[in-house]
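Please examine the model below with attention to its sheet and its charged side chains. The report that follows takes these topics in turn.

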Amino acid sequence: MDSTTIAASFDDIAELATEEYNCTNVGKYSKEGNKILAWEVPMTDGSFLITYAGEVKAGIADISTITIDVDNEGKSVTLNAPAVEVLSSSIDPATVKTYDQTFSLVNRLGVDDVTTFLADEESTVKQIAIDGGLLDKAKTRAEELLTSHVESMLTGAGQGDYTVTVVWSE
């Protein structure tokens with residue numbers, strides 16, 4: 001068994017998503033009313049509340065960047081892996097529910113307003129997931145998967161007595 005054989009087993013995999021954060025959240029959109037000479041024109045503002053479900057996935061973006069060092073004398077394999085990262089963050093449009101809408105004929109809601117708002121909410125969900133330990137969990141799970149994959153290959157090749165270590169780039 002050598003590093004080329006192990007590396008070849010990863011070639012068909014581009015992305016390794018190892019952890020997912022699912023959430024339901026509430027977002028509030030507010031649009032200021034029109035002003036004339038620093039006075040706010042009544043009934044020209046707008047706002048709404050929405051609830052939605054979203055998900056954030058984390059893992060290794062490009063598993064082909066993992067390098068493998070095999071030490072046959074020391075009976076060890078070292079995997080040098082890139083840092084885990086957020087792979088995607090999305091809001092399921094089918095789950096979006098709108099509440100407490102207030103808009104006037106003068107100040108209508110535009111498509112750009114909704115698109116920008118949902119993009120901001122995706123960023124918010126992403127940060128909540130990161131703060132909640134998503135990247136740490138993804139790293140732990142990726143290490144488990146990589147280690148077990150290489151160990152099973154080594155065992156199949158009659159080299160089950162090798163130790164496997166994952167070293168992470170930061």
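Which strands does helix α3 lie across?

## Basis of the report

This is a predicted model, in which local features need pLDDT of at least 70 and side-chain atom pairs count only at pLDDT 80 or more, while totals for chains, interfaces and linings use all residues. Residues are numbered from 1 along each chain as its sequence is written, and side-chain values use heavy atoms, with hydrogens and water left out.

## Helix and sheet

Helix α3 (residues 134-156) lies across β6 and β9, running at about 145° to β9; contact means heavy atoms within 4.5 Å, and angles run from 0 to 180 degrees between N-to-C directions of axes fitted to C-alpha atoms, for helices over the stretch in contact. Helices (H or I, at least four residues) and strands (E, at least two) are DSSP runs, numbered from the N terminus.

The three strands form an open sheet in the order β5-β6-β9 with mixed pairing, where pairing requires that DSSP finds at least two bridges between two strands. Its edge strands are β5 (67-71) and β9 (163-168), each of which pairs on one side only. Strand β6 (residues 76-81) runs parallel to β9 and is joined to β9 by six bridges, with asparagine 80 opposite valine 167.

## Salt bridges

The structure holds four salt bridges, each defined as a side-chain nitrogen of Lys or Arg within 4 Å of a carboxyl oxygen of Asp or Glu. Lysine 75 and aspartate 161 form one of them, at 2.6 Å from N to O. This pair links distant parts of the chain, 86 residues apart, with lysine 75 in the loop between β5 and β6 and aspartate 161 in the loop between α3 and β9.

Glu20, Glu55 and Lys57 are linked in a network of salt bridges.
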